[in-house]
Amino acid sequence: MNLQNVLLGATAAVALTTGAAQAEVLFWSTQAKPIEETQAMRDQVLSGFDAGADYQANDSGPFLTRLNAELQAGDGTIGVLGDLHGGFAAMDAANLADLSGLDLGGVTVNPTFLELGKLGTDQQHYLPWMQASYIMAANKKALEFLPEGADIDALTYDQLIAWSAAVEEATGDKKFGFPAGPDGLKHRFFQGYLYPSYTDGVVRTFKSDAAVGAWEAFRALWSHTNTGSTNFSFMQEQLLSEDVWIAFDHTSRLAGAFNERPDDFVAFPAPAGPTGRGFMPVVAGLAIPVTAPDMAEAEALVAYMMKPETQIATLRATNFFPVVDVALPDDLPPSVRAAGDAIAKMSGAADANPGLLPAGLGDKGGDFNRVYVDSFERIILGGQDIRAVLDDQAKVLDAIMQETGAVCWAPDAPSEGACPVE
Amino acid sequence: MTAVTPDVAHADVRKSGRFLFRAAIVFLCAWVLVPIYFLLINTLSSPETVNAFPKSFIPEFDMGSLTFFANFAGMLTALKNSVIVACLTMVLSIAFGAPAGYALSRFDFRGKELFRVLILLTRAFPLPLLALPLAVLFIRTGLDDTLLGLALVHTTLAIPFAVLITFSLFSGIPIELEEAAWTLGCTRFTAFTKVVLPLIAPGIAASAIFAFVISWNEVFAAAVLTIQNRTLPAFLLQSLGTSPLHLKFAGGFILVVPALVFIFAVRKYLFAMWGIANR
Amino acid sequence: MNARTLPYLLILPVTLFLCVFFIYPFVLVAQLAFTQGDGFTLANFREVVGYWKFPISLKNTLLLAAIVVPIQLALSLAMATMVSKMEKGRDLVLYVWTIPLGISDLAAGIIWLAIFEQSGFLNSMMSGMGLIDKPISLLTYEHPWVIFIAIALAEIWRATAIMLVILVAGMGLIPKEYYEAAEVFGASPWKRFLKITLPMLRPSLQTALVLRVILAFEVFAVVIALGGSLFPVLMAETYAYQFDLLNSGAAAAIALIILAISIGFTLIILRLLRVPKGATI
């Protein structure tokens, strides 16, 4: 009896290990790259996947190079891809297997994001995996300098500027922080926050008078912004070192501050401008390259990632929220609670003006971002004339829209054919 | 010099000269070591201290960050892989590079300049751009995800160092030394092994150091070309940039240590044959 | 085996090796620079050169190399000479000086950012000495020269050892008799350095300079860490084209421009420091 059990156990163990070594699905991702998150993805999220998964987080350089090499060679080891919407949008959709037939076991997936995953075709080239957004965070020490009558959960850009000015006056330091470093997500601020809040558009209104007003406001904010911001890419670092008291960034790039010192920081919605409170989601997706070595296993892993329990585990590991219908538990990490509250307030605000992710740009997504980053570098860092820069950059933007034929997305009014720069 | 008794002023000059000399050496050592010391402080600090201001200049010996890496799955395998790849790179680059270095220093031949430029081209073009066609080639030939395959790519990076360093050292060895050996009955080959080879040990050591550290610190090819057999930098380095500060420093420190151990091990060969006359 | 075929035999293995692992991928990539859609074009070159940041990146890259490399040359020569003059502790000092060799440029960037950032070690030191009463932001667009100095210092710290090791190995081959003879004739140490060390060291100097200059044009990680978005360099543009804009043609074009610059400087150095076939006594 005893011996039999031992033997059974041993054979089972052997079967398990060999099985795992053969069938382990390579999960090739650009997300959850910080080493602790990678660790959590492996230990807490993927450990429950029976066939075993090898989670490898990469910079976009190696990520793309490896993927393209496998596609060109027609022989792959990558089972599942994890990347942002923009990354998939830039790929050739024909290289991503159709996932529309995948049995997700009855979970309800956010329909807007599902639509994005079709990449403009009628096939499901990627499935939404998780979502996040950009919010504001502040050190509680800054709260006493809030302008008279300002509600932190319903700030306007003018109040944010006044607040940052007041903090500077009181401390002698510029304490607003903005991720303008090389890896910072500054372009998303202009596309999803500043432009929608001031011009109610992104492309159509690029060089409008309202856009000039938006950049003037940003210039005013910049005058109270920590001058080291051009080196900042993860605002949690500067919040923790207190070089910065008020900051804008991606929820997962603020998470460290809330998790390390939960009592010292508050999270709150992005400010509102004349045309509402612009904000934008971040969507990461899961896809299977057509070269996947074992399609069935890869599909099983994608289905596993979409399970409500896995989505919650992913939330804990990465600070990215679920994209399926699921009740959030109460015992989430402080960063998740803080970010969740702020996002809820932001999207529930009366003046909410949500933007969508750029769609239809294909591999011009990077060029599209560069238009906004270049405008920032020329106007704010280079001190050039706003009107002249916008007119100049508008030509580049218009060329991109004409070349890709991308139609307008919210908050721009819909267009027939390529979205025009007006 | 010692035969003449130097006058007092001369002695003073010498003394202050020696002092300056020593001071310069100490200063340069400090210049190198202080930044490393800062890295060490931050490695041995708790997350709060890493973010604090002003920074402490004495480490508090908090092992939290290092423990995190000690428990990180796959660290040891990655370390082993890195060492294997680095050693292969070292052997391959010297085996391929040293003969070419000898040829460059001893012969004038047609296409010499062209060959030299070819060697240098490999360092003047960024590897991340070459990685795509290389990866396709490797996948097709089965070199993909092997330590040897990665070592071959790293060898390409190390070869210019191996060729040029051995070239410059062979050039420093008087050809008459070899010719003398020939007249004494040595063949070109035995003259080489008996006379030249012992002299260029420092060059081999220098090439080896470069090959090792180039391979050790290379991230991009390692990240693209290895999956199961990740090397330590591919495993660690590319995630450092996005990691919290305290882990950034600890990870950086962990990567530095093995390279330092290696340089320490071979340093004495840099001096193996200090001055022909000293033998 | 005669003197005519021997050299080719000696360079054959490495040439074959490089053909497979360098020339083959290089040709494939270089082709991209001259194609857009189908057919030969220079559009990629026009695109990258016409971009407003290109002249700035070019200027920054050249300026950085022009400042850093001569300093490194002088410093490494001085260090190599010092090491050769030492009697005690030579091993240890040389080891310490070669330590930065083992540090990747990414790690070097992390280290130097920890020194120069607002709550970094430099500010801590200055406030400890009472020079400043609160941390000041050093790496800002307000004074770009501080950024330049920081990057230059980090590069000098990181990459001087490359030249040092080559020069030390080369200096070891200079016969001691030369110095002894010069000393007998009463040559000053400076004269000895000029008349013996420098000429005899020419092969090593050439190698060290060429390698260092080429690497200087590829400078990237340290610059990104310290300069942020304020100090664009050519290599950063290359990577941006390849991985952010997914424009391999443009990336290949700018990489070829860097290559051309590197080769140009290499040829100049090779001419200036021509090495005769084998040293003669």
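Colleague: To start, which domains does the domain assignment of chain A give?

Modeller: Bear in mind that this is a predicted model. The assignment for chain A gives domain 1, made of residues 2-131 + 283-331, and domain 2, made of residues 133-281 + 343-404.

Colleague: What distance separates the centres of domain 1 and domain 2 of chain A?

Modeller: Taken over C-alpha atoms, the centres of domain 1 of chain A and domain 2 of chain A are separated by 32 Å, and the contact takes 11 residues from domain 1 of chain A and 11 residues from domain 2 of chain A.

Colleague: And which element gives the most to the domain 1 side of that contact?

Modeller: On the side of domain 1 of chain A that touches domain 2 of chain A, helix α4 (residues 85-89) of chain A gives the most, with three residues. By class, the residues of that side divide into five nonpolar, six polar and no charged.

Colleague: Now chain B, please. Which domains does the assignment give there?

Modeller: For chain B the assignment gives domain 1 (8-65) and domain 2 (74-278), and 31 Å separate their centres, again taken over C-alpha atoms. The contact takes nine residues from domain 1 of chain B and eight residues from domain 2 of chain B.

Colleague: Where does the largest share of the domain 1 side come from?

Modeller: The largest share of the side of domain 1 of chain B that touches domain 2 of chain B, four residues, comes from α1(B), and the residues of that side divide into four nonpolar, five polar and no charged.

Colleague: Switching to the contact between chains: how many residues of chain A are in contact with chain B?

Modeller: There are 28 residues of chain A in contact with 24 residues of chain B. The elements of chain A that give two or more residues to its side are α2 (35-45), α3 (60-73), α9 (235-241) and α10 (255-260), and the largest share, nine residues, comes from α3(A). By class, the side of chain A that touches chain B has nine nonpolar, 10 polar and nine charged residues.

Colleague: What does UniProt say about chain C?

Modeller: An unreviewed UniProt entry places the feature "domain: ABC transmembrane type-1" at residues 58-269 of chain C. Over residues 58-269 of chain C the chain is 76% helix and 0% strand, with the end C-alpha atoms 20 Å apart.

Colleague: How do α5 and α7 of chain C cross, and at what angle?

Modeller: The axes of helix α5 (residues 105-116) of chain C and helix α7 (residues 144-171) of chain C come within 10 Å and cross at roughly 135 degrees, which means that α5(C) is oblique to α7(C). The crossing of α5(C) and α7(C) is right-handed.

Colleague: Which residues make that contact?

Modeller: From α5(C) the contact is made by C:D105, C:A108, C:W112 and C:F116, and from α7(C) by C:A150, C:A154 and C:R158. By class, it has five nonpolar, no polar and two charged residues.

Colleague: Last topic, the backbone: where are the cis peptide bonds?

Modeller: The peptide bond from A:A410 to A:P411 is cis, with omega near 5 degrees, and A:P411 lies in the segment after α15 (386-404) of chain A. A cis peptide bond also joins B:F53 and B:P54, with omega about -10 degrees, and B:P54 lies in the loop between α2 and α3 (64-70) of chain B.

Colleague: And what about the phi of A:D200?

Modeller: Although A:D200 is not a glycine, it has a positive phi of about 55 degrees, and A:D200 is placed in the loop between α7 (186-199) and α8 (209-222) of chain A.

Definitions and conventions: Residues are numbered from 1 along each chain as its sequence is written. Chains are lettered from A and ligands numbered from 1 in the order in which they are written. This is a predicted model: local features need pLDDT of at least 70, side-chain atom pairs count only at pLDDT 80 or more; totals for chains, interfaces and linings use all residues. Domain bounds come from an automatic or database domain assignment. Two residues are in contact if their C-beta atoms, placed from the backbone, lie within 7 Å. Ala, Val, Leu, Ile, Met, Phe, Trp, Tyr, Cys and Pro count as nonpolar, Asp, Glu, Lys and Arg as charged, and the others, Gly among them, as polar. Axes are lines fitted to C-alpha atoms, for helices over the stretch in contact, and angles run from 0 to 180 degrees between N-to-C directions. Angles under 35 degrees count as roughly parallel, over 145 as roughly antiparallel, 65 to 115 as roughly perpendicular and the rest as oblique. A crossing is left-handed if the near helix is turned anticlockwise from the far one by less than a right angle, and right-handed if clockwise. UniProt positions are given in the numbering used here, feature names are shortened, and annotations may be inferred rather than shown by experiment.
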